[in-house]
There are 2 protein chains.
Amino acid sequence: MLHHRVPTRFLSVDDVATLVRRQGLVTTLQGLMACLQADFLRWGAFDKCPRLASHTAEGVIELMPISDGRTYSFKYVNGHPHNGRLGLPTVMAFGVLADVHTGTPQLLSELTLTTALRTAATSVLAARVLARPDSAVMALIGNGAQSEFQALAFHHLMGIHTLRLFDVDPSATARLVSHLADRGLRCVVCHSAEEAAQGADIVTTATADKRNATIVHDTMLRPGMHLNAVGGDCPGKTELAPGVLQAASVFVEYEPQTRVEGDVQQMPPDFPVTELWQVLAGLAPGRTTADQVTVFDSVGFALEDFSALRYLHDAAQRLDLGQALPLIPAMVDPRNLYGVLSRTPSRAAISPVEHVS
Amino acid sequence: MLHHRVPTRFLSVDDVATLVRRQGLVTTLQGLMACLQADFLRWGAFDKCPRLASHTAEGVIELMPISDGRTYSFKYVNGHPHNGRLGLPTVMAFGVLADVHTGTPQLLSELTLTTALRTAATSVLAARVLARPDSAVMALIGNGAQSEFQALAFHHLMGIHTLRLFDVDPSATARLVSHLADRGLRCVVCHSAEEAAQGADIVTTATADKRNATIVHDTMLRPGMHLNAVGGDCPGKTELAPGVLQAASVFVEYEPQTRVEGDVQQMPPDFPVTELWQVLAGLAPGRTTADQVTVFDSVGFALEDFSALRYLHDAAQRLDLGQALPLIPAMVDPRNLYGVLSRTPSRAAISPVEHVS
């Protein structure tokens, strides 16, 4: 625990990268998946709401709060498909973990890197109950910032050995291939989404355009296929043709949010969907036959960031990572806020955690 | 401007205290009031929503987002009336200013101190159109963390020369009196809210209990009185008797939020209220007669934090305050998020702003 006078731990992008390197990527993804599974199984304990989005023509900024009555978390995340032209990431995120008992922010962490990790871990968690257990070949359509994480999570945690890759930008695919070179994965570079989907047991779509882009058509479906649709995540942004959803059993994270943001926004409000937690808890069937087509219409839900933040918080404490951030005032008399104005500022505004532990 | 690789400026509690000291408290309050006035006059330009609250028996944690289409801001704020027993502030807050064009977080700032400043500036902004211009005596009921800021703002910006003080805890009043000693204000310590209200032109209530506490009764009203009700700010937390509201013209910040959180939560949904911005814009009357009783049912609205954050951002740039916070990844190729995992961490995770300007 940090000193009570500076209770907020800050994890920078480099801190989280160090955390992943020290533990190993596979161990980190496994740990995240365990936290996600545990929290999805506590579904009823969470105070949930759809995320709060502020849309413009250029992109979206969202806040994603959630609480289990003991711990509160929120994530700030943007989605700006054209940021690449400015040398900025499409998606940037950070988040906070707070103590519900007092409202104290305990952790402020980067979540750009972490969002990619938790999204990949969630994808595998869903695929383990929705894809065929013998799945070995995955199409990965959209080879942007998330793609390495999806590729490695499905390889190490789901047994995928062959990737069929496609991106409208061949240089994105080339970067992905070079990153996967020593990882024991066979990479097949394809020239269209259709070609990538050929022979795939799992089709992962992770594209970024903010429009209704039909990445997967009905004609690309094969019996027993699992579709892991990661990229459609706001109104007007979809990846699957309506016929794909019609032909499949569709699974979602949190129905009220996915009805608005997910690929099912194209379907009538009574189009049947099953929440993933119900499958994990054994309350609803996942895949029932080898021929069934399944879709995980994933948009990203606050619970996943809650799980990721508590995972980071535990790991950072264990590995002694991060710095103490003077975000809230430390006062001898908490009613004496005015006194903060007249005191001498501390020399080191931000201190190494070990100095205040 | 910070280096584009570390675009987020961090202002700690000490940074904001330094900012206020360097400029002077009165200048800071005046500057905040000018920003508030300018933003209230742009009311229609903002994408507004009631804040998102997570309630428990012990307190509340809230997120308050707003955007004018160019700049987005949000505040995190808690309210835990019993935090004092744990040596923690009742209210703790921080906030972020982001560029809507790219979603980049530009400023992360403490807002505990700032919330007290912006609340006092908002109170005066309202009182200037709602209180009698010759107001000289103010009752200040609730002498907690906000009280010095209310006292000094009303003294320096509204011409109040006498304060009539009451708190259920006499030591809170004693602290307030000692802080106001050299400020040219006459302080009268009272033994009840009723006594404090006697002869007051303005009655400011800033109590913290999370319950329906009737601080101001109908019998305490006098013709021409202005009530600045700051403390009632969530469901089940009110300060004014229903009869007080019945007898007065009631002004609010943002009607959809105040109907739920303000003192008017006790009234029927069609109880007449006027939004402050309409008065400031000359679209609705404020005080019309010297005998009228007016109430500013203030709960705190996201626009006020937007104004405060942009004021802080400008002042911090001018005064070169704050540090560069590595909250989002700096990447040569923004699609190469995976590459962040393998790079060497920078030595100084958090850098002085001048080193990266």
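How many bridges join strand β14 of chain B to strand β16 of chain B, and in which direction do the two strands run? Four bridges join β14 (residues 249-252) to β16 (residues 294-297), and the strands run parallel. Within this pairing, B:V252 has B:D297 in β16(B) as its bridge partner.

## Basis of the model

This is a predicted model, in which local features need pLDDT of at least 70 and side-chain atom pairs count only at pLDDT 80 or more, while totals for chains, interfaces and linings use all residues. Residues are numbered from 1 along each chain as its sequence is written, chains are lettered from A and ligands numbered from 1 in the order in which they are written, and side-chain values use heavy atoms, with hydrogens and water left out.

Helices (H or I, at least four residues) and strands (E, at least two) are DSSP runs, numbered from the N terminus. Two strands are said to pair if DSSP finds at least two bridges between them.

## The sheet in chain B

## B:H226 in strand β12

B:H226 belongs to strand β12 (residues 226-229) of chain B. The residue is buried, with a relative accessible area of 0%; buried means under 20%, exposed over 50%, and partly exposed in between (1.4 Å probe, protein chains only).

Contact means heavy atoms within 4.5 Å. Beyond its neighbours within four places in sequence, B:H226 is in contact with residues including B:A127 and B:L130, and also B:D201, B:R287 and B:F296.

## The sheet and helices of chain A

Chain A has an open sheet of eight strands in the order β9-β8-β7-β10-β12-β16-β14-β15, with parallel pairing. Strands β7 (residues 137-141) and β10 (residues 202-205) of chain A run parallel and are joined by four bridges; A:I141 stands opposite A:T205 in β10(A). Helix α4 (residues 147-158) of chain A packs on the sheet and touches β7, β8 (162-166), β10 and β12 (226-229), its direction making about 170 degrees with that of β7(A).

Helix α10 (residues 302-319) of chain A has 18 residues and spans 25 Å from its first C-alpha to its last, close to the 26 Å expected at 1.5 Å a residue; the expected span is 1.5 Å times one less than the number of residues. Of the 18 residues in α10(A), 13 are buried. A:D320, with a positive phi near 55 degrees, follows the helix.

## Symmetry and interface

Chain A is superposed on chain B by a rotation of 180 degrees with 0.0 Å of shift along its axis (RMSD 0.0 Å). That is the relation of a two-fold axis. The superposition is by least squares on the C-alpha atoms of residues with pLDDT of at least 70 in both copies.

The contact takes 80 residues from chain A and 80 residues from chain B. In chain A, A:R335, A:Y338 and A:L341 lose the most area to chain B, together 11% of what that side buries. The area buried between the chains is about 7,000 Å², of which carbon and sulfur atoms give 68%; buried area is the accessible area (1.4 Å probe) that two parts lose on being put together, summed over both. The copies meet through the same surface, because 100% of the interface residues of chain A are also interface residues in chain B.

Methods. Axes fitted to C-alpha atoms, helices over the stretch in contact; angles between N-to-C directions.
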